[in-house]
Every structure is written in structure tokens, then in C-alpha cells.
Amino acid sequence: MARKPKNYDPNEASMEVQMDAIRAKRKRVGPRIALALLIVLALVMGSFALSVAVRGRRMSHQKEVYTPRVTQPGQEDRVDQFADVDGEVITYKGKQYRFNDDVATFLLLGIDRNDPDSFDPGNCHVMAFSDAVILAAMDFKNEKITFYTVSRDTMCKFNKLSKTGEFVEEAVGQLAIPFSYGDGREKSLEITTDAVRGIFDDLPIYSSSALYMEGFHQLNDIIGGVTLTPTETVDWGGVHLEAGEEVTLDADQAEAYIRYRAHTEQGNLDRMERQKQYVKALTAQALKACRKNIRMAIQAYNAVSDNVVTDLKLSDVLYLATKATKMKITDEIRTVPGSVTLSEDGKYAEYYIDEEGCFELLLSIYYEQIS
């Protein structure tokens, strides 16, 4: 039998044995916890990736065939008079075109107020209007993005809501107006989206977003400003930009460039041309940044999240950014053609779309020539 050392304390020995057991258990449990965390992380990332993939597939395939049409107040639908529509195939001026179901459309609104928190939550009728109305068509098959703009003065039908958000009546007015009858958030976005769909006879719009001016400032600055050459001299709101002189616009300069307009029949059309130029430059720089670091898309999303109203999820943003970096932006941002007149009282501009010209524009975007 082994001899016990001097000053031996059985309680201390027992404690040491217990501590050894605890340390041994920790060594065994530590790797298990780490493994469990890795498994959970893998599941989370896997489910996120699956969500991105599933939403992407839904986004890139249209279930219903869209026939390019214009339905404006006081105008008659004349598509059947100049084109033969037979299901997915349209014959126009002796050539045949087939519907491309791999195009998804996104509505982008530029709102003329600083932020959505300017309004009382839950109440409708806000002093906020759609200054810019832009549609982005992403062609996943041919890997290209086409932007086209609609004049804010385009006459349309829209749903008027009461201050408590209940439907009152269908009204007619400029496309800028519907947003103001909502709550400055989701209801405003819904009313305006429905008005745009109505103009183009149920155009399938996958998603809509409304960017307030604070968000616009943040977006401009997060990519280091937008470089372009002004097409005309702008002297507005303490900002002076000289036509023909290249400049990298900071947020205030960018706002002046896209918001200034002369109060004439042509004023908004001139502003639309500047907006188109800015959007193209902004998109090109943003895609370049995302190609270098895809996390830029998430950073931009987080930066503007408080000042944008959108139905896009983070998984959508990541999917779109990834796809967009591989796409080409068409050289020209086109304007839905039409003509502008003054209202009967002479106070407002009214823009009416040229039906055949708009048909040709939409045909080039949503159809492919087959013969």
C-alpha cells in the first residue's frame, strides 16, 4: 500500500480530482460546441443561399405573356390596328417577335421630400410626389439592363384614398400625384405602382422602390460621388454647374442637377434628360464597385434603408447585385415618347403617350425578333 505524503489533506485531493474531471470535460465539450456552431452557421448560410436562388428563379421568369399596350385617359387602344398579336408572337411591320419571359421589371421612384419620417404614421395624404419615374428591365437571358423613364406629367388613373387609408374613388391626374394620396410608405408605393401598371396595361412589375432625398444623398456619397459632364448649365439652390465641364457631383450638387427644372412645358423633359444621364453614371459606378467587392451592395442597402421604401429583401438585393455585375447596361436610357400640353386652366403640364412609339419601345425590351 502506497504511503501518503506528509500534510496530506483528503479534501484537497478530492478537489483536484474534480477539477481535472471538469477540465477534461471542457476539452470534450469545446469541440462539440464549435462543431454545433459551424453546423448552425452552415444551415443559416445554406438557407440564405437557397432563398436567394429560389427568389432569383421566380424573379427571372414571367408566368404571363405581356402584350405592349398603352391605356391612358381619353385614349383609345389601337395596337390591333398596327400589329398582329397571336399569343407569344407579335407581327409588326412584316417582322415577327416572340415574348421573352426572362425579363423582370423594377420600378424606381425618386421622391421630392427628405425622408419618410416627415409624415404622421398611419395617416394618408402626404406632401410628397414622384419627381422621377424610372423602370429598369433586367434581361436575365441576354444579360442586359435597359432603363426607360416615364414623365412625371404623364396622365393616368389612380386610386384616391381617404386620410384613414380607405378607397374613395378613381381619379385622373399626373403620375407624380398618386404617391401623395398614400402614407408616404407602402400605401403610396402601392398606389403609384398600380398607376404605372395601368398606363402600360398590366405591365408585370416585379418590385417597386421609392427613394427619398436623404437616401439619394447617402447613395451618391457611398460610391464617392458621381462623375459626369453636365449637358446644361444649372444654377439652383446655391449650386452652380457649368455645361460641358466634367465634375464629380457631391450630394448637394447631384440633387440640384436632377431636381432643377424651368417652369415651362419643356422644363420637365429637360430635367428627365439630366436624370437619365445621372442614373446611367451612378449605375455604372455602382456596378464597378460591386464587381470589386460584392459587399458594396449590402453596404449601400444598409446605408439607405431608413430613407427608402421597398418590397425588396436583402436576398433580392444580393441576387440582383451578383447578376447585374455580369450584365451590360444599354447605351441609351429611353423616354416613353409622347407630347406635352397645358391643362385647360393653363396651370399644369399634361403628358400624353404616343401609343405606337411606346409600343415599339416596349416591343424592343420585352420581345425578341425571330424573323
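Strand β2 (residues 89–92) and strand β3 (residues 95–99) run antiparallel and are joined by four bridges, where strands are DSSP runs of E with at least two residues, helices are DSSP runs of H or I with at least four, and both are numbered from the N terminus. Two strands are said to pair if DSSP finds at least two bridges between them. Within this pair, Ile90 has Tyr97 of β3 opposite.

These two strands belong to an open sheet of four strands, which has the order β1-β2-β3-β19 and antiparallel pairing. The edges of the sheet are β1 (84–86) and β19 (367–369), each of which pairs on one side only. On average, neighbouring strands of this sheet are turned by 25° against each other, with direction ignored. Helix α9 (residues 355–366) lies across β2, β3 and β19 and runs at about 135° to β2; axes here are lines fitted to C-alpha atoms, for helices over the stretch in contact, and angles run from 0 to 180 degrees between N-to-C directions.

## The model as a whole

This is a predicted model, in which local features need pLDDT of at least 70 and side-chain atom pairs count only at pLDDT 80 or more, while totals for chains, interfaces and linings use all residues. Residues are numbered from 1 along each chain as its sequence is written, and side-chain values use heavy atoms, with hydrogens and water left out.

The protein has nine helices and 19 strands. Of its 371 residues, 45% are buried, a term that means under 20% relative accessible area, with exposed meaning over 50% and partly exposed in between (1.4 Å probe, protein chains only). Among contacts between residues at least 6 apart in sequence, 67% join residues at least 24 apart, where contact means heavy atoms within 4.5 Å.

## Strand β6 and its partners

In strand β6 (residues 144–150), six of the seven residues are buried, so the strand is largely enclosed by the rest of the structure. Strand β5 (residues 130–139) runs antiparallel to β6 and is joined to it by seven bridges, with Ala136 standing opposite Phe147 in β6. The hairpin of β5 and β6 has four residues between the strands, and Glu143 takes a positive phi near 50° there.

Strand β6 also has parallel pairings. With strand β15 (residues 328–329), β6 pairs in the parallel sense over two bridges, and Ile329 in β15 is the bridge partner of Ile145. With strand β16 (residues 334–335), β6 likewise pairs in the parallel sense over two bridges, and here Tyr148 stands opposite Arg334.

The buried residues of helix α4 (residues 213–222) are Met213, Gly215, Phe216, His217 and Asn220. After α4 comes Gly224, which has a positive phi near 85°.

Two packed helices are described by the angle between their axes and the distance between the axes. The axes of helix α5 (residues 251–259) and helix α6 (residues 267–292) come within 7 Å and cross at roughly 140°. That makes α5 oblique to α6, since angles under 35 degrees count as roughly parallel, over 145 as roughly antiparallel, 65 to 115 as roughly perpendicular and the rest as oblique. In this contact, Ala254, Tyr257, Ile258 and Arg259 of α5 meet Arg271, Arg274, Gln275, Gln277 and Tyr278 of α6. By class, the contact of α5 with α6 has four nonpolar, two polar and three charged residues, where Ala, Val, Leu, Ile, Met, Phe, Trp, Tyr, Cys and Pro count as nonpolar, Asp, Glu, Lys and Arg as charged, and the others, Gly among them, as polar.
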